[in-house]
Amino acid sequence: MRVNTVKDIDIRDKRVLMRVDYNVPLDRDTGAVTDDTRLRATIPTIRYLQEQGAKIILCSHLGRPDGMVVDRLRLGPIAERLSDLLGQPVKQLPDCIGARVAQAVRAVGASEIVLLENLRFHPEEEANDPEFARELASLADIYVNDAFGTAHRAHASTAGVAAYLPAVAGFLMDKEVSVMGTALERPNRPFAAVIGGAKISSKIAVLDNLMSKVEVLVIGGGMANTFLKAQGYDIGSSLVEEDQVEYAKELLHKAWEKGVKRLLPMDVVIADKIDKDANVRTVPVNDIPSGWSIVDIGPDTVEEFASQLRSCLTIIWNGPMGIFEIPAFANGSIELATVISEISGVTIVGGGETVALVTEMGLEDKFTHVSTGGGASLEFLEGKELPGVAALMKK
Ligand code: ADP
Ligand code: MG
């Protein structure tokens, strides 16, 4: 699937309303931005618009103010950080609609940038109110969406506004949609999905969708426990979803019927408690003592997963292999991240925790694509059409 981008439309000297995802963490005490990854991710599109002499009106939500003005969720600190990153002033406006805003926007010159106030201070934003969307649209000539992270929400600024303006993707949005879209629609094969994380229940739709597309399905992390249980192993005190054991059995059976190679852990790291001071051992999956919990995949499993993945030309990875937040339980995730990052095919990483791990390791640039959207990339991998993507003009 391809959507039109800022390069497919005449932007010269136009007023551009650009939806970004600046929902970033702020320091509790100082209110300063503590992680500006999402700001930096939008800079290529901003720079391109500036080269075209566009007048740039940025808009975003921040946190969950639930339709009310919440002072600590104002976008002032974000405008400040963006100014620093761009080396030019980014003016913060007091609201996102209304006469004062319209007036301020009319004063924006070529290549200048303003940032509207938190969209979610108005309940109409999340309600996708058409009148609110029309007011937002009235500020500009063209709508650019670079907020993949909110593309799974049908809100006024992510979907509604596209009814009133020519709507195109920014570079970030375009990359998300084209890399993941191509992988799902016509992947280079063999195609593998590596799925981990805590629970099956949060990823059933992803498992179902990917299962029908891949040659290799690798399952690790806490969710593998339920699969191991479905295969009859005694998994001690490990995290398990009893109500998903039947589903796990069915999925394994379906994979077998379809000839999908499915890989589960063969050895695991176990701990006597979920704590950094726990006693830790590595055992085969058929030798887990009662009272102990699976906290990571073992070294033989990493080797087996790696040897299967090395022959794949497309890999989508979502979900860590263990409780990587605790260093003693992080090896499996770290080693698998390294293995996948070294594979020369198309490698895609999605999921909040998985992306955090890869970023912490400084490996972002070693993958074809690291998705910026947690919930949005999950829904994309489920095969759903995202409202924010659907609203853009198709190629
Ligand atoms: P993502 O955000 O990448 O999609 P999830 O949210 O599905 O990933 O899951 C991430 C969480 O899974 C991590 O916080 C991690 O601690 C947890 N996890 C991984 N393996 C296990 C395990 N064996 N037991 C319990 N929790 C686990
Ligand atoms: Mg998560």
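Helices, as the word is used here, are DSSP runs of H or I with at least four residues, and strands are runs of E with at least two; both are numbered from the N terminus. The model described is a predicted one.

**The ligand and its shell**

Of the elements named in this way, α13 contributes most to the shell around ligand 1, supplying three residues. Helix α13 covers residues 352-360, and together with β12, residues 293-297, it belongs to the elements that each give at least two residues to this shell. In total, ligand 1 is surrounded by 18 residues. The closest of them are Lys203, Gly222, Glu325, Glu353 and Thr354. By residue class, the shell is made up of six nonpolar, nine polar and three charged residues.

| Residue | Part of the residue | Distance to an oxygen atom of ligand 1 |
|---|---|---|
| Ala198 | polar backbone atom | 3.0 Å |
| Glu325 | N or O atom in the side chain | 2.4 Å |
| Glu353 | N or O atom in the side chain | 2.6 Å |

The place where ligand 1 sits is the second largest pocket.

**Aromatic pairs**

How many aromatic pairs does a search of the whole structure find? There are two. One pair of rings is that of Tyr48 and Phe171: their centres are 5.5 Å apart and their planes stand at 75°, so the pair counts as edge-to-face, for which the planes must be over 60 degrees apart. This pair connects distant parts of the chain, as Tyr48 and Phe171 are 123 residues apart. Tyr48 lies in helix α2, residues 43-51, while Phe171 belongs to helix α7, residues 171-185.

**Backbone features in two loops**

The loop between α7 and β7, where β7 is residues 191-195, holds Pro190. Arg189 and Pro190 are joined by a cis peptide bond, with omega at about 5°.

Another loop runs between α4, residues 99-106, and β4, residues 113-115, and Ser111 is located there. Although Ser111 is not a glycine, its phi is positive, at about 65°.

Key. Residues numbered from 1 in each chain as written. Chains lettered and ligands numbered in written order. Predicted model: local features only at pLDDT ≥ 70, side-chain atom pairs only at ≥ 80, totals over all residues. Heavy atoms only, no water. Near = heavy atom within 4 Å. Polar contact = N/O pair within 3.5 Å; in protein donor to acceptor, adjacent residues only side chain to side chain. 1 Å grid on protein atoms, 1.4 Å probe; cavity = no way out; pocket = protein on both sides within 12 Å on 5 of 7 lines; lining within 4 Å. Sits in = over half its atoms within 2 Å of the grid points. Nonpolar A, V, L, I, M, F, W, Y, C, P; charged D, E, K, R; others polar. Phe/Tyr/Trp six-rings, centres within 6.5 Å; stacked < 30°, edge-to-face > 60°.
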